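Please consult the sequence and structure shown here while reading.

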Amino acid sequence: GGKFMSILQEYEENRKILGNGRINAIEDYIEYYKEKNNREILYSDIVYKQQEYELFDKWFQDKIKPFIIVKHSEELYSLILNENNFNRKIFNNTLQVSGYDYEELIKNYSSNKLSHLYNLDYDSEAGMFAVSSNSLLTLEELAYSFNKDSKNIEYMKSFLPDKELDL
């Protein structure tokens, strides 16, 4: 191969470095940017200009809230959601929604919608949803995608475990 990477190879390299979550988010950010500033921003500006990337990063961090990502080490990260931030609308505004309920929801969501994600280690408690991974990018993608799709409550309800089966 030559010294220069093809655009496609370069795009794939960026995907490896930034992760699917951020690459997918860049498309949304480009739309957001256009509406907000009434002018275009290029993919290349976001990826290659530090100042633009920092603005995108700030926007992205905001989009994964209220999930919190905790770095335990270079090899271990956790994605956490406190029960105060559970989206109860998905559960028909049931008052008793536990971290275990949220875990079931996110497991179903992830295996259907993000089946390429692996090495997820769920460890929820009653008052908190928690999942760990050795990949920060995996957790970012899960949080971003889940939050984005959570705007459609009816769609998210399709990932609720079928309670009838428990009877």
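Predicted model: local features only at pLDDT ≥ 70, side-chain atom pairs only at ≥ 80, totals over all residues.

## Helices α3 and α5

Helix α3 and helix α5 are roughly perpendicular to each other. The angle between α3 (residues 50-63) and α5 (residues 136-149) is about 70 degrees, and their axes lie 9 Å apart. An angle counts as roughly perpendicular because it falls within 65 to 115 degrees.

On the α3 side, the contact is made by Trp 59, Phe 60, Gln 61 and Lys 63, which meet Glu 140, Tyr 144 and Asn 147 of α5. Sorted by class, this contact contains 3 nonpolar, 2 polar and 2 charged residues.

## Helices α1 and α5

Helix α1 (residues 7-37) also packs against α5: the two axes come within 7 Å and cross at roughly 20 degrees. Helix α1 is therefore roughly parallel to α5. The crossing of α1 past α5 is left-handed.

Residues of α1, including Lys 16, Ile 17, Arg 22 and Asp 28, meet residues of α5, among them Leu 137, Glu 141 and Lys 148. The contact of α1 with α5 comprises 5 nonpolar, 3 polar and 6 charged residues.

Strand β2 (residues 76-82) is largely enclosed by the rest of the structure, because 5 of its 7 residues are buried.

Strand β1 (residues 68-73) runs antiparallel to β2 and is joined to β2 by 5 bridges. These two strands form a hairpin, with 2 residues between them. Strand β2 also pairs with β4 (residues 128-133), in the antiparallel sense, over 6 bridges. Within β2, Ile 80 is the bridge partner of Ile 68, and Ile 80 stands opposite Ala 130 in β4.

Key: Residues numbered from 1 in each chain as written. Heavy atoms only, no water. Axes fitted to C-alpha atoms, helices over the stretch in contact; angles between N-to-C directions. Helix = DSSP H or I, 4+ residues; strand = E, 2+ residues; numbered from the N terminus. Parallel < 35°, antiparallel > 145°, perpendicular 65-115°, else oblique. Contact = heavy atoms within 4.5 Å. Nonpolar A, V, L, I, M, F, W, Y, C, P; charged D, E, K, R; others polar. Left-handed = near helix turned anticlockwise from the far one by under 90°. Buried < 20%, exposed > 50% of the residue type's maximum accessible area, 1.4 Å probe, protein only. Pairing = 2+ DSSP bridges.
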